[in-house]
Structures are given as C-alpha cells and as structure tokens.
Amino acid sequence: MPIDVSAALAAEPRRAEIGWHHKDVQLYHLGLGAGIPATDPDELRYTLESRLQVLPSFATVAGAGTAAFGGMGAPGIDVDLAAVLHGGQTVRVHRPIPVTGRAVQTSKVAAVYDKGKAAVIVLRTEASDDDGPLWTNDAQIFVRGEGGFGGERGPSDRLTVPERVPDRTVERPIREDQALLYRLSGDWNPLHADPAFAKLAGFDRPILHGLCTYGMALKAVTDTLLDGDVSRITAYRTRFAGVVFPGETLRVRMWAEEGRVQVTVTAAERDDAPVLADTLVEHS
C-alpha cells in the first residue's frame, strides 16, 4: 500500500523558517475580494497598511504559499497526486497574526483515517515566533483508492444545518480575475488559470481555489457578525463540498450561536450548489 501509516506518523516534522510583510497580507486580502469600495473604512482594515489587520485564514498561505500540503512528502506517503483532493481545512489561531512577522513552521502527518474506498491524511502545520505559538493548520487530504487498510475511520465533523431561517445571508461576487490574483499568494496550480488544463481536469473553465472561497467566507462572517474584528476569531473549519467559478456569486448563510457561527456557502447562480459545508467559525 502506498501509504505506510506507521512510518508517516512516526516521521520527524519538517521544519521551515517563514516570513511575511504587510504587502503579503494586503495581496492576500485583495485576492479574497477586499477593497470594494476602495475607500470604505471597513475595507481599509484589509487593504491599508496603517490600519491593517490579518484574517486568520492568512495562515494557510503565510510564508510558504501552499503550507496546507507541507507534509505530503513525508516518509510513508507515496500517492498518485491525481487521486488527491483537498477535503477540508481547519485553522486555529492562538493569538492575532501580526501584520509583519517571522516564524518557524513545522509540518507533519497528524493522522491517517480509513474511509473504505479512500484514505484521509491529516496534515498539520504549526507556526511559532519568539512570543510563542501563532497558529495550527489541519488540512484534510482525501486520497481516492487508498482506503481499506483496516485503520480507524476517524471522527465525524458533519454539522446539521439549523432548522430555522439563517440569522444573516449575504452574497459575495467573485471577480473574473480573482483566481489570477489569489494565485499570487502562492498556489500556482494551473487548474485555476489555464483553460486547457482545466478541461483536462474535467471543467469547462478554470475554477476558484478552495482556500480562496474559504477566506472569502471568513471575511463575510467577520464583517457581518463580528464587527469586522478579526481578533475575535479563535478557530475556523470547513469541508470543501463543490467548486465555484470566477464570475459567479457566493451565497453565505450564517446561523449565530453562543461563541460560534455556523455557515453554509453555495453558488447562487447554480441553484445553490454546495461549495463549503460543515463550516464553523468559533469566536470570543
């Protein structure tokens, strides 16, 4: 079997020094659609260096660009990348991310689950600076055809959508050039830019990065229910349930509860086709 679970879990974490500057944060926010209207004081919190704050989802691109997949080269992991899907993402921030910073980031395989016809590899990246831990990322990587090895099935993170009208529903348009801008933060996969490559993958045209949708949804929740204050966010998780294309519109539904917001994200023009599911923002 290409996945040697024991070897993968026992492997020493990979270590890297990373750094970022306010320009990296601004570029990331612009890639999420921030800055419209350009002079809106609420948007300047994401675009103007003198007022800048950092969305916690920036942890998925800080320093390395594709940090979510930092453990795929670990001993014991030998899979066909064509069978790999990014199934879900969790970010937990231990304190607000500084606008400019340097950190040591470690990557390791935290778990391997047996889902029958597929395996799920949990890749964990942790970052710390001189003041202590900054964030923990868990990327759930779905590998088709690698299940059935008798391992643990793993926990279920499925959420039941509340049986009531959402507390808030907002729509966020995706610019035609948004994937081209977002990829400058480090994810250079041609699936998001090259029409010929997208057709080979089975799509009529390039799709938006899942982690871009992930960031857009977090910004929508922050601006709508958290007074635009990113420092209130403690954790954020989602399951990637479907694709969305540049030029479409995200419909973000939110149910507010004590200390958390449950979210669904759909493609408005395609009869609310699921895009993000089992999505939860935890906050103070």
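**Stop 1: F245**

Select F245 and show its surroundings. Setting aside residues up to four places away in sequence, F245 is in contact with I174, F203, R205, P206, I207, L208 and R270. This is a predicted model, so keep that in mind at every stop. F245 is found in the loop between β7 (233–240) and β8 (249–257). Is F245 buried or exposed? Its relative accessibility is 10%, so F245 counts as buried. Now draw a distance from the C-alpha atom of F245 to that of D229: the two residues are 16 apart along the chain, and the separation is 28 Å.

**Stop 2: Q53**

Next, select Q53, which sits in the loop between α3 (41–47) and β2 (84–93). Q53 counts as buried, because its relative accessibility is 15% and the cut-off for buried is under 20%. Which residues does Q53 touch, not counting those up to four places away in sequence? They are V25, H29, R45, Y46, G228, D229 and V230. For V230, look at the backbone: its nitrogen lies 3.5 Å from a polar atom of the Q53 side chain.

**Stop 3: helix α2**

Two of the residues from the last stop, V25 and H29, lead on to α2 (22–31). Colour this helix by burial: V25, Q26, Y28, H29 and G31 are buried. As you look along the helix, remember that an α-helix has 3.6 residues a turn, so residues three or four places apart point the same way. What covers the buried residues of α2? The cover includes β1 (14–20), α3, α4 (178–182) and α6.

Now pick H22, also in helix α2. The H22 side chain makes a polar contact of 2.6 Å with the side chain of Q26. Leaving out residues up to four places away in sequence, H22 touches E49, L52, V99 and T100.

**Stop 4: just past α2**

Step off the end of the helix to G33, which takes a positive phi of about 100° just after α2. Carry on to P37, in the loop between α2 and α3. Check the peptide bond that runs from I36 to P37: this bond is cis, with omega near -5°.

**Stop 5: the second largest pocket**

The pocket has a volume of about 230 Å³. By class, the lining has six nonpolar, two polar and six charged residues. Which elements each supply at least two lining residues? They are β6 (168–173) and α6 (210–225). Of the elements, α6 gives the most to this lining, with four residues.

**Stop 6: the nonpolar cores**

Stay with α6, but switch to the largest nonpolar core. This core has 51 residues, and W20, F58, I97, W135, V265 and V281 touch the most other members. Here too α6 gives the most, with eight residues. There is also a second, separate core of 15 residues; select A74, V84, V109 and V143 to see some of its members.

Beyond its neighbours within four places in sequence, V265 is in contact with T213, A217, L250, R251, V252, A273, P274, V275 and L276.

**Stop 7: the loop between β9 and β10**

Finish with D271, which is in the loop between β9 (260–267) and β10 (273–283). D271 is not a glycine, yet its phi is positive, about 55°. At 75% relative accessibility, D271 counts as exposed. D272 lies in the loop between β9 and β10 as well. Its phi is near 60°, again a positive value in a residue other than glycine.

Notes: Residues numbered from 1 in each chain as written. Predicted model: local features only at pLDDT ≥ 70, side-chain atom pairs only at ≥ 80, totals over all residues. Heavy atoms only, no water. 1 Å grid on protein atoms, 1.4 Å probe; cavity = no way out; pocket = protein on both sides within 12 Å on 5 of 7 lines; lining within 4 Å. Points joined across faces, edges and corners; volume = space filled by probe spheres on them. Nonpolar A, V, L, I, M, F, W, Y, C, P; charged D, E, K, R; others polar. Core = buried A, V, L, I, M, F, W, Y, C linked by side-chain atoms within 4.5 Å. Buried < 20%, exposed > 50% of the residue type's maximum accessible area, 1.4 Å probe, protein only. Contact = heavy atoms within 4.5 Å. Polar contact = N/O pair within 3.5 Å; in protein donor to acceptor, adjacent residues only side chain to side chain.
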